[in-house]
Amino acid sequence: MSTSEISAILERQLLLQLGDRLKRLRKAQGVGTVEMAARAGITRNTLRAVEAGDPAPSIGTYLRVMSILGIGGELALLAGDTLQPAPADSAAARSRRAAPVVQVRVSADDARHRLQDLQSLVLHEEAVRLAKADPALVLQAQETTKRWLATGDARSASLWREWQRILSAGAWRKVLGRTRHAQQLRQASPLVTILPEEVRQRILKQVRNLKKGVVIGDGEDSRETS
């Protein structure tokens, strides 16, 4: 499976995994969020974004947190020459030994809820991108919310009323987080209704492909990026 076919989904998943790992390491080392934020010179909100795998913080911010947790060398490895292709005329380049393969795999059974949330998150990120570019789509989502509220469904009414405020204020970060409340908002979302069907199907296909597992650095990718 070529990574270029699902690059956006894969990149998001890798960031989520990195954020999870940083959070686990911080807790394992007994470092609280206040102390970690102070040591990294960032706010607690920025630290929460890093641990949520948010793409908004800079790579420098991620690197500071990684360095404090003792894994900054992993990023330094990527930045150095160690992983660069060998010169064309070198013995390493002439070797027939297979290049190492890094495999990223998401289990449909063990991580179903995580995969569903990843799918929901990416759908909403795309919907937010479209809404920012076209205010008419925001109006469309607002009309959908009004229709839903008119049905009198008490179970979702509070979330839909909050959606009205989000759509009016453009408070997109409220629905793009990894908190339980953000997940609840996405589950009751009128925003994904603005997505063109072909965009929705493309994202769903990418998630299905990710469930099967993606190999990074295989022969197919090498051919495509050469």
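The structure is a predicted model, in which local features need pLDDT of at least 70 and side-chain atom pairs count only at pLDDT 80 or more, while totals for chains, interfaces and linings use all residues. Residues are numbered from 1 along each chain as its sequence is written, and side-chain values use heavy atoms, with hydrogens and water left out.

**Confidence**
- The average pLDDT, which is the predictor's confidence in each residue from 0 to 100, is 81 for the protein chain, and 73% of the residues score at least 70.
- The pLDDT is below 50 over residues 1-5, a stretch that has 19 contacts in the model beyond near neighbours in sequence, where contact means heavy atoms within 4.5 Å.
- Over residues 106-110 the pLDDT is also below 50, and this stretch has 7 contacts beyond near neighbours in sequence.

**Overall fold**
- The protein chain holds 12 helices and 2 strands, these being DSSP runs (helices H or I, at least four residues; strands E, at least two) numbered from the N terminus.
- Along the sequence, these elements follow the pattern α-α-α-α-α-α-β-α-α-α-α-α-β-α.
- Of the contacts between residues at least 6 apart in sequence, 69% join residues at least 24 apart.

**Burial and helix H11**
- Of the 226 residues in the protein chain, 39% are buried, meaning under 20% relative accessible area with a 1.4 Å probe, protein chains only.
- Helix H11, residues 197-212, has 16 residues, and its buried residues include Val199, Ile203, Leu204, Gln206, Val207, Asn209 and Leu210.

Key. Expected span 1.5 Å × (residues − 1). Buried < 20%, exposed > 50% of the residue type's maximum accessible area, 1.4 Å probe, protein only.
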